[in-house]
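Q: I am new to this structure. Could you guide me through its features step by step?

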Amino acid sequence: MANSDKKRMLTKKDIHKIVWRSLPLEASWHYERQQHLGFYYAVGAALQKIYKDQPDKYIDSLKRHVGEFYNTSPQATPFIAALVCSMEEEHANDDSFDVSMISAIKAALIGPCAGIFDAIFLSTLRIIGTAIGTSLCFQGSILGPVIFLLVYNVPAFICRFVGASLGYEKGSEFIQNLQASGTLGKFKDAAALV
């Protein structure tokens, strides 16, 4: 379904809600499926809105997102969650939409996103913020913890909000590009192996 034909169900407020609801992503982490409950919490309200008149599809989406493994960098989750919501909209609007693509894309993105975002946030910004903050604390300045929080969290929140907007707005285009290049089939095969 082309972007121009697509019925958009989520508003900017709904996309921002995904970002805010992604914050406790790791609050229910466990060894079997890791962050799956946190991911569902991030997308749950959006899915209820998308499938408000389609209870069977909503139940299927609930089973899909609660039952699948999910583990990636928290800063990448709004992008993946909004992209998933865009695909769920496709499914709500088109009964012939292949729902296995939703799981395949989600599974294919968690690894690369974890590698990129963990390197940026955990291995770089956190270390720089800690170094600057600790230096200021040793000098007796109260700005140490403030600088640490700003260096780490300002880029993280920018990334979360921009990522969610991009994931939702470019979701359909992203999937169409993957289909055209043949990459989507590889993602589906890789997800089946996992």
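A: Let us begin with burial: a residue is buried under 20% relative accessible area, exposed over 50% and partly exposed in between, with a 1.4 Å probe and protein chains only. This is a predicted model, in which local features need pLDDT of at least 70 and side-chain atom pairs count only at pLDDT 80 or more, while totals for chains, interfaces and linings use all residues. Residues are numbered from 1 along each chain as its sequence is written, and side-chain values use heavy atoms, leaving out hydrogens and water.

Q: Which residues of helix 6 are buried?

A: Helices are DSSP runs of H or I with at least four residues, strands are runs of E with at least two, and both are numbered from the N terminus. In helix 6, the buried residues are G144, Y152, A156, R160, G163, A164, G167 and Y168. Across the 194 residues of the chain, 41% count as buried.

Q: How many helices and strands does the chain have?

A: The chain has eight helices and zero strands.

Q: What span does helix 6 reach, and where does it bend?

A: The expected span of a helix is 1.5 Å times one less than its number of residues. Helix 6 covers residues 143-169, 27 residues in total, and its first and last C-alpha lie 38 Å apart, close to the expected 39 Å. A bend is the angle between axes fitted to the seven residues ending at a residue and the seven starting there. For helix 6 this angle is about 25 degrees at N153, and the proline P155 follows within four residues.

Q: How many aromatic pairs does the whole structure have?

A: Rings of Phe, Tyr and Trp (its six-membered ring) pair if their centres lie within 6.5 Å; planes under 30 degrees apart are stacked, over 60 edge-to-face, and the rest tilted. The search finds seven such pairs. One of them, F117 with F121, is stacked, at 6.4 Å centre to centre and 0 degrees between the planes. These two residues are four apart in helix 5 (residues 100-138), so about one helical turn separates them. F121 is buried, at 3% relative accessible area. F148 and Y152 also form a stacked pair, at 6.2 Å and 5 degrees. Ring pairs link F117, F121, F148 and Y152 into a cluster.
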